[in-house]
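Here is a briefing on one protein model, arranged by topic. Keep the sequence and the 3D view open while reading.

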Amino acid sequence: MSASAEQDNLIIFDTTLRDGEQSPGASMNKDEKIRIARALEKLKVDVIEAGFPIASPGDFEAVRAVAESVRDSVVCGLARALDKDIDRAGEALKGGARTRIHTFIATSPIHMQMKLRMQPEAVLAQAVQAVKRARKFTDDVEFSPEDAGRSELDFLCRVIEAAIDAGATTINIPDTVGYNMPQQFGELIKTLLERIPNSARAVFSVHCHNDLGLAVANSLSAVKNGARQVECTINGLGERAGNAALEEVVMAVKTRKDFFQCATQIDTTQIVACSRLVSNITGFPVQPNKAIVGINAFAHESGIHQDGVLKNRETYEIMRAQDVGWSANRMVLGKHSGRNAFKTRLHELGVDFKTDEDLNNAFARFKQLADKKHEIYDEDLQALVTETSAEIANERIKLVALKVCSETGEVPCSEITLNVDGVEKKAQSEGDGTVDASFKAINKIVDTGGAELQLYSVNNITSGTDSQGEVTVRLRRNGMIVNGQGADTDIILASVKAYINGLNKIIAPVDRAHPQVETPAAPKL
Ligand code: KIV
Ligand code: ZN
């Protein structure tokens, strides 16, 4: 539903590509960010925060590329309240149609004293200077007093008033550490709007973290009290426990428009597709009971519920599954589909091939998959594109062959052949199951530098025993965390692909550097 004259518009600012990327292991490369940005544009989010350009050359390039490929949503770049950050953000956003610079500085006593080691007056002056500098690049400037949720009210009001006078058009109130309670946070927004003399000249926004599981509740309480922008992420991804989940905020406002008296521009039928895409690219699975986008979100198990729903859907359902895009899970392509149908469907999913060779490679993989699996869904296509990306084609370690043996009463074993920097190498190993044996065989060939396996998870991409298994592994080495993914109808093969993908990211991290992790030099294998 679009915002009507009687209802205020609630701006949806998506930060999946920036705060979401700060989830450990969720770093994305440029092409992946473009794919997600296009899906967000299709979802009709108002603002896409594409990254933190000063953080790394990879992040700069990604923000630049997103700004150039997105036309309908505003593209935003994050910058500390420092000249060099703001100039870098301005440079990255130069080619964009509609751009915003989001600049921030901490205002809570603990952050000012312990982190910035600055006096409050100096913080205020730096905030003003940053906003003025950002206005040289764009008229759309957002200012965040970081850790506002723990800042002193009088000082917070002074900083915000000064930032608006300096030209900030959006004031974002972050609960950086997820400390606030919904009623308290709502009252804070109300007080700021009432007390700050020039508050009507800016849109007030909120950015809530989920450390106490309250990010969505705090955001909604703020909306009820006058906030007109919510910063959120797909699937609630984000630093530590994550940010407010976009799908939950949007559907709460839509389902209870009687209560909130405002509306978003979001095309809610795109929510599930977007959620799947983000999960597939970042390797962060969606929990089955997750509101809106979990596989069980609309599944009625108890007989009483099923009976009620059959008699009248509204007995137990407050939203329709198809309104958030669940019915879109239909067969889209099959064995007999041609190259053109394949290319067209991927274009609709926001994926365009740069060269005919890329298209041909992906199409060949599609045909192999269609031989094994008769019905190909959008989710299968997304996984296939992730697997055939240029980055994967250039990986230093490639799987050549895998043979596993599994027999009741016998020790499972695996024989693996890898191509490492152009040289074929083979190893065998036994293990506690064929996945374990295969990972051990890989470790005999590749010096992983002590990379530690922190997570191994398997999900089916669609339903049925012929569905592709999507495996995520999380590896940690020297403080660097990466997620590796692999998909296949054979889950042993999917696991091996995921492990190899993770190892490749850890040994050649060049343009995927997480903004908060130092990039170590690529080691010898
Ligand atoms: O959590 C936070 O305070 C942030 C700011 C940069 C807005 O992410
Ligand atoms: Zn944040």
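The buried residues of helix α3 pack against α2 (57-69), β4, β5 and α5 (120-135). The model is a predicted one.

**Helix α3**

- Helix α3 covers residues 83-92, and its buried residues are Asp 85, Ile 86, Ala 89, Gly 90 and Ala 92.
- In general, an α-helix has 3.6 residues a turn, so residues three or four places apart point the same way.

**Helix α2**

- Helix α2 has 13 residues and reaches 18 Å from its first C-alpha to its last, close to the 18 Å expected at 1.5 Å a residue.
- Which residues of α2 are buried? They are Gly 58, Asp 59, Phe 60, Ala 62, Val 63, Ala 65, Val 66 and Ala 67.
- These residues pack against α1, β3 (47-51), β4 and α3.

**Lys 33 in helix α1**

- Lys 33 belongs to helix α1, which runs over residues 30-42.
- Is Lys 33 buried or exposed? Its relative accessibility is 0%, so Lys 33 counts as buried.
- Apart from neighbours within four places in sequence, Lys 33 is in contact with Leu 17, Glu 21, Met 28, Ala 50, Gly 51, Asp 59, Ala 62 and Val 66.
- Asp 59, Ala 62 and Val 66 are among the buried residues of α2.

**Gly 77 in strand β4**

- Gly 77 is part of strand β4, residues 74-80.
- Gly 77 counts as buried because its relative accessible area is 0%, and the cut-off for buried is under 20%.
- Not counting residues up to four places away in sequence, Gly 77 touches Gly 51, Pro 53, Ala 89, Leu 93, Arg 100, Ile 101 and His 102.

**Arg 133 in helix α5**

- Arg 133 is located in helix α5.
- With a relative accessibility of 24%, Arg 133 counts as partly exposed.
- Beyond its neighbours within four places in sequence, Arg 133 is in contact with Asp 83, Ile 86 and Asp 87.
- Arg 133 and Met 118 are 15 residues apart in sequence, and their C-alpha atoms are 20 Å apart in space.

**Ligand 1**

- Which residues are around ligand 1? They are Arg 18, Asp 19, His 102, Phe 104, Ser 144, Glu 146, Asn 172, Pro 174, Thr 176, His 207 and His 209.
- Strands β5 (99-106), β6 (141-146) and β7 (170-175) each supply at least two residues of this shell.
- Asp 19 has a polar side-chain atom 3.1 Å from an oxygen atom of ligand 1.
- An N or O atom in the side chain of His 207 is 3.1 Å from an oxygen atom of ligand 1.
- For His 209, an N or O atom in the side chain is 3.0 Å from an oxygen atom of ligand 1.
- Ligand 1 exposes 260 Å² when taken alone, and the protein buries 94% of that.

**Helix α14**

- Helix α14 (residues 356-372) has 17 residues and reaches 25 Å from its first C-alpha to its last, close to the 24 Å expected at 1.5 Å a residue.
- The buried residues of α14 are Leu 359, Ala 362, Phe 363, Phe 366, Leu 369 and Ala 370.
- They cover an arc of only 120° around the axis, which puts them on the same side of α14.
- Glu 357 and Asp 371 are exposed on the other side of α14.
- The cover over the buried residues of α14 includes α13 (339-348) and α15 (378-387).

- Most residues other than glycine have a negative phi.
- Asn 235 has a phi near 65°, a positive value in a residue other than glycine.
- Asn 235 is in the loop between β9 (229-232) and α9 (246-255), and with a relative accessible area of 16% it is buried.
- Gln 261 also has a positive phi, near 55°.
- Gln 261 is in the loop between α10 (257-260) and β10 (262-263), and with a relative accessible area of 44% it is partly exposed.

Definitions and conventions
Residues are numbered from 1 along each chain as its sequence is written. Chains are lettered from A and ligands numbered from 1 in the order in which they are written. This is a predicted model: local features need pLDDT of at least 70, side-chain atom pairs count only at pLDDT 80 or more; totals for chains, interfaces and linings use all residues. Side-chain values use heavy atoms; hydrogens and water are left out. Helices (H or I, at least four residues) and strands (E, at least two) are DSSP runs, numbered from the N terminus. The expected span of a helix is 1.5 Å times one less than its number of residues. Buried means under 20% relative accessible area, exposed over 50%, partly exposed in between (1.4 Å probe, protein chains only). The arc is that of the directions from the helix axis to the C-beta atoms. Contact means heavy atoms within 4.5 Å. A residue is near a molecule or strand if one of its heavy atoms lies within 4 Å of it. A polar contact is a pair of N or O atoms within 3.5 Å; within protein, one must be able to donate a hydrogen and the other to accept it, and residues adjacent in sequence count only if both atoms are side-chain atoms. Accessible areas come from the Shrake-Rupley method with a 1.4 Å probe; for residues, only the protein chains shown count as cover.
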